[in-house]
Amino acid sequence: MDLTILLFLVQDGITNGAIYALLGFALVLVFAVTRIIFIPQGEFVAYGALTYAMLQGGHVPGTAYLLPIFAFVALLFDLYAERSRITGTFLLRQGVEKIVVPLALLLAARELAGVSTIASLVLTVAIVSALGPHLYRIAFQPLADRSVLVLLIAAVGTHLALMGLGLVFFGAEGQKADALTDFSVDLGPLPVSGQNIAVYAATVLLIAGLYWFFERTVQGKALRATAVNRLGARLVGIRTKGTGKIALALAAGIGAVSGVLLAPMTTIYYDTGFVIGLKGFVAAIIGGLASYPLTAAAALAVGLIESFSSFFASDFKEVIVFTLLIPVLLVRSFASKHTDEED
Amino acid sequence: MTNRIALCLFAAIIILAPFVPGFPPFWIILLDNIGLAAIVAIGLVVLTGVGGLTSFGQAALAGFGAYSAAVLTTQYGWSPIATLPVALAVSALAALLLGFVTVRLAGHYLPLGTIAWGLALYYLFGQLELLGRHDGISSIPPLTVGSVSFHEPARLHAVIWGALLICGIATLNLLDSRVGRAIRSLRRGSTMAGAFGISASQAKLIVFVYAAVLAGLSGWLYAFFQSAVTPSPFNLNAGISYLFMAVVGGAGQVWGAIAGAFIITELRDVIQRVMPTLITDSALYEPIVFGVLLIVLLQVAPDGLWPLVQRILPEAKPRSIPTDAQPLTGRDMPVPRGSEILKVQDATKKFGGLTAVNAVNFGVKSGEIVALIGPNGAGKSTTFNLITGVLSLSSGAVSFAGQAISGIGQQRIAGLGIARTFQHVKLLPDMSVLENVALGGHLRGRKDLLSALIRTDRAEEAALFAEAARQITRVGLAEHMHKPAGSLALGQQRIVEIARALTMNPSLLLLDEPAAGLRHFEKGQLSELLSQLRSEGMSLLLVEHDMGFVMGLTDHIVVLDFGTKIAEGPPDVIRSHPAVLEAYLGGAAEPKQTSSTVAGGAEA
């Protein structure tokens, strides 16, 4: 193995690791706020990548139709839950949130498909992150006070449903998007593409953005308060249902960005997201589903291990990455004197 | 017993079904698929529904059974039946190794761990040359035993459902046994289990291996059923699907697993067979239907469907209490009456910067009732946890009958004859009062998993239940014996905990707020019971806030405040002890100061 290959593997590892870090953040965020171990995170990646690729190719993506459907079901849930207290303002809010916005995004997708890279990018993130809150309303909000295990099983159900919907709306064909830019720069013997730089930039920007959101905004602080103590947050007037929706919107948005970044680098199928998401999980779990910096470091490590094992033992790449989790879990459970958990 | 008879009848009908003229061969295949899935799901019932350990990896464990059969018959020429013990042993060994790592994991890390190794094993099956990589292993010979071949579908069908019947009955036996109660106690956390000498990690490992052996058996049968083995039936989705069956049917019951396997397998078949006539590309919709169904079910019928069926079935007869059972062996008091049985020396517990218990000294004499009192946050319950080994001492020592017990672990401390109740009631609410109390006798029984499965544990079980019933009657709850423990009033649940602790036949009994939530009359009864225990030679240490109760009953009182002992002595002395009055009522403040404090408080 010469230096070029080494550098190439490192770069590949860091690029993938950056994406796993983003997904790991989303998972930590969702778990902290809602206690959901969010298995369907990977589906948002696939949705993001496929939506972006289709928009870029001038097609209206399936997610643009899926969004109004999701929103409509969520509307029915809300109307039923509030049936005895329906007011004009409630209807107006619901109408805007669950009918006007989704239809506007659908229209925009029809008008703007294939127009420009920027438009595709913005639309993709808008459509996919708008799916998040409705998904929370339908699948998780009715179960919000149940145990972590019930939420986990619901998350697995959601994963199956979203993967199936991905197959229906995008088809079994894989898609690959055009690169964001042709820009490339040589770093010694190693060419660094604009796409790689975009991945690094997006990761750093999103981390900075999340930091700002959690440290500087009331919404962000409400999310952190909910993460620390749901009941306490409710007692000081934070709507924990609202925070769950925000958490899923953020998670879906992060998933969409990851998908957009991945789409030009590899062919994405409807079911690719799951395994990518699980690698984000490996990182998030190493971070104890709690620590952002540890998650970032772990994600880079996962990316590097994956990239090197695909060179030395490509057949066993997945085996190595997932087996890696077991010693980590072991160390974690030895290190933390766990408190007694009851179901 | 009726459950077992019903299971036998049900299996007999299914086994004989193919001999009905005109029975569609296709249905036999479908029933076989249901049977194979139900065997795995029954294992999950014990693991997840009863033990509370969620596993997404059972399909991978089934893979061990299937590949063992495939490799040994095709590459080493073993006779099919000879591979059965190997297949089961390989599955059990795999589960033991995975279990050592994963059952230690707390809460939600466990299911994530099973997802990780479930995926890793699936990829491994698909990559190993020995296992034929992604193409798998084909042309596995039909199952033969001696000269009898089970090649014919109806015969193999009988084998599969016969195996299911055996697994079902073994599981019913397991759940109705000493080991089964230990497994059930896992859901209430390891502290409660440990207080009665149950090792939570050992019980978890047992149930994990048990479920894996059932999965391995299903995989082994699958290999001969399909005559070929590929990695895909053992992937994570299959693992999810097994868990799904257990949840849909109602995790926790054998019948639920069978119902779940029926529903899911049938539903999948309907989707694959019927929907193509309605819409093209119907295979697309399978995961959507399953995913949506799972979420709807969790929201509408969180306990699964079997409990709904159970509601219309006649109620099971309450367990009969054997009257002629051999009494359990008793225990001699470790020290003569009046000498010190428990000694707490300079016990200190620090949680980070907080010293919850600070160099506390006291002792309990045999045949004496000692009360530990003090305001909230004084460190009383922490002291209990230090004595019973739930928490480890930061410094100091605790000895029982002259033997140092600090650091020897909860189970061994329980084994010495120290029983306790909990401030926050830790009963299994769905289990009857009788079964909850029988859990207390865990250490007085010896029968293990194997004797539970083949039911050679009946005499010991009878003795345990007779003892449990005796203690329930003694504490005055005989009329509630067969009710679910969760249906009792909170005060009564505390009394159930006392009965459970008494079933351990302890020489030292630790009671954490036993009178809380009792009515006046009930408190009188409790006081009488405790006096009677004392007269029988038992020693008692109790935490209690009801001063009337404490003063009238105890021989000696230890007062804690902010983790430090501030007074000790007989009730009369404590009643008028200045430090105690100050801790409870505040200092003897002068009227002026009091009014200014109140005024200051109002301004703020």
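Me: Before turning to this predicted model, what does it take for two strands to pair?

Reply: Two strands pair if DSSP finds at least two bridges between them. In this model, strand 6 of chain B and strand 7 (residues 403-404) of chain B meet that condition with two bridges, and their pairing is antiparallel. Within it, B:S399 stands opposite B:A404 of strand 7 of chain B.

Me: How many residues lie between the strands in the hairpin of strand 6 and strand 7 of chain B?

Reply: The hairpin has two residues between the strands, and B:A401 takes a positive phi near 50° there.

Me: Which strand is joined to strand 6 of chain B by five bridges?

Reply: That partner is strand 3 (residues 340-351) of chain B, which runs antiparallel to strand 6 (residues 395-400) of chain B.

Me: What is the order of the strands in the open sheet of chain B, and which are the edge strands?

Reply: The open sheet has four strands in the order 4-3-6-7, with antiparallel pairing. Its edges are strand 4 (354-365) and strand 7 of chain B, each of which pairs on one side only.

Me: How should I read the interface of chain A with chain B, and how many residues are in contact?

Reply: As a general idea, the size of an interface is often given as the accessible area lost when the parts come together. Here the description is by residues in contact, with 39 residues of chain A touching 39 residues of chain B. On the chain A side, the elements that give two or more residues are helix 6 (148-170), helix 11 (272-286) and helix 13 (317-335) of chain A, and the largest share, 16 residues, comes from helix 6 of chain A. By class, that side of chain A has 26 nonpolar, six polar and seven charged residues.

Methods
Residues are numbered from 1 along each chain as its sequence is written. Chains are lettered from A and ligands numbered from 1 in the order in which they are written. This is a predicted model: local features need pLDDT of at least 70, side-chain atom pairs count only at pLDDT 80 or more; totals for chains, interfaces and linings use all residues. Two residues are in contact if their C-beta atoms, placed from the backbone, lie within 7 Å. Ala, Val, Leu, Ile, Met, Phe, Trp, Tyr, Cys and Pro count as nonpolar, Asp, Glu, Lys and Arg as charged, and the others, Gly among them, as polar.
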